[in-house]
Amino acid sequence: MTNRTHKFKVGQIVDLIPSMSRSAASGHYEIVSLRPIEGESPQYRIKSRSEAHERVVAETDLIPSRPLKFD
């Protein structure tokens with residue numbers, strides 16, 4: 001049994017790592033909810049503003065979004 005916890009929090013903005021096996025909107029996604037850990041990776045429900053539906057993805061498919069900088 002693993003003792004893993006979720007790396008990201010609900011409301012956090014993340015980027016979905018591009019994949020040849022998945023068609024997804026580019027840009028940022030918001031963590032909508034934390035899902036149970038399946039296998040080795042925690043799961044998340046995410047939502048993009050440019051898509052009508054939510055996605056369930058593994059933590060390994062996400063990276064923290066870089067904050068925008070204004071000069």
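Rings of Phe, Tyr and Trp (for Trp the six-membered ring) are taken to pair if their centres lie within 6.5 Å, and planes under 30 degrees apart count as stacked, those over 60 as edge-to-face and the rest as tilted. With that criterion, a search of the whole structure finds one aromatic pair. The rings of Phe 8 and Tyr 44 have centres 5.7 Å apart and planes at 65 degrees, so the pair is classed as edge-to-face. Because Phe 8 lies in the segment before S1 and Tyr 44 in strand S3, the pair ties together parts that are 36 residues apart in sequence.

The structure is a predicted model, in which local features need pLDDT of at least 70 and side-chain atom pairs count only at pLDDT 80 or more, while totals for chains, interfaces and linings use all residues. Residues are numbered from 1 along each chain as its sequence is written, and side-chain values use heavy atoms, with hydrogens and water left out.

Turning to the fold, the protein has zero helices and five strands, where helices (H or I, at least four residues) and strands (E, at least two) are DSSP runs numbered from the N terminus. The elements accordingly run β-β-β-β-β from the N terminus on, and the C-alpha trace spans about 45 × 30 × 20 Å along its principal axes. Strands of a sheet pair through backbone hydrogen bonds, either parallel or antiparallel. Here, with two strands said to pair if DSSP finds at least two bridges between them, an open sheet of five strands has the order S4-S3-S2-S1-S5, with antiparallel pairing. Its edge strands are S4 and strand S5 (62-64), each of which pairs on one side only. Neighbouring strands of this sheet are turned by 45 degrees against each other on average, direction ignored; the axes are lines fitted to C-alpha atoms, for helices over the stretch in contact, and angles run from 0 to 180 degrees between N-to-C directions.

At one end of that order, strand S3 (residues 41-48) and strand S4 (residues 54-58) pair in the antiparallel sense over five bridges, and the two form a hairpin with five residues between them. Within this pairing Tyr 44 stands opposite Val 57 in S4, and Ile 46 has Arg 55 as its bridge partner in S4.

The interior can be described through accessibility, where buried means under 20% relative accessible area, exposed over 50% and partly exposed in between, for a 1.4 Å probe and protein chains only. Buried residues make up 28% of the 71 residues in the protein. A nonpolar core is a set of buried Ala, Val, Leu, Ile, Met, Phe, Trp, Tyr and Cys residues joined through side-chain atoms within 4.5 Å, and the largest one consists of 10 residues, namely Phe 8, Val 14, Leu 16, Ala 25, Tyr 29, Ile 31, Tyr 44, Ile 46, Val 57 and Leu 62. The elements that give two or more residues to this core are strand S1 (13-16), strand S2 (28-38) and S3.

Arg 55, placed in strand S4, counts as buried because its relative accessibility is 14%. A polar contact (a pair of N or O atoms within 3.5 Å; within protein, one must be able to donate a hydrogen and the other to accept it, and residues adjacent in sequence count only if both atoms are side-chain atoms) of 2.8 Å joins the side chains of Arg 55 and Glu 51. With contact meaning heavy atoms within 4.5 Å, and leaving aside neighbours within four places in sequence, Arg 55 is in contact with residues including Leu 16, Ala 25, Tyr 29, Tyr 44 and Ile 46. Ser 48, found in strand S3, is buried with a relative accessible area of 2%, and its side chain makes a polar contact of 3.0 Å with the side chain of Ser 50. Ser 48 also touches Ala 25, His 28 and Tyr 29, not counting residues up to four places away in sequence.

In the loop between S2 and S3 lies Glu 40, which counts as exposed at 58% relative accessibility. Glu 40 and Glu 59 are 19 residues apart in sequence and 9.5 Å apart in space, C-alpha to C-alpha.
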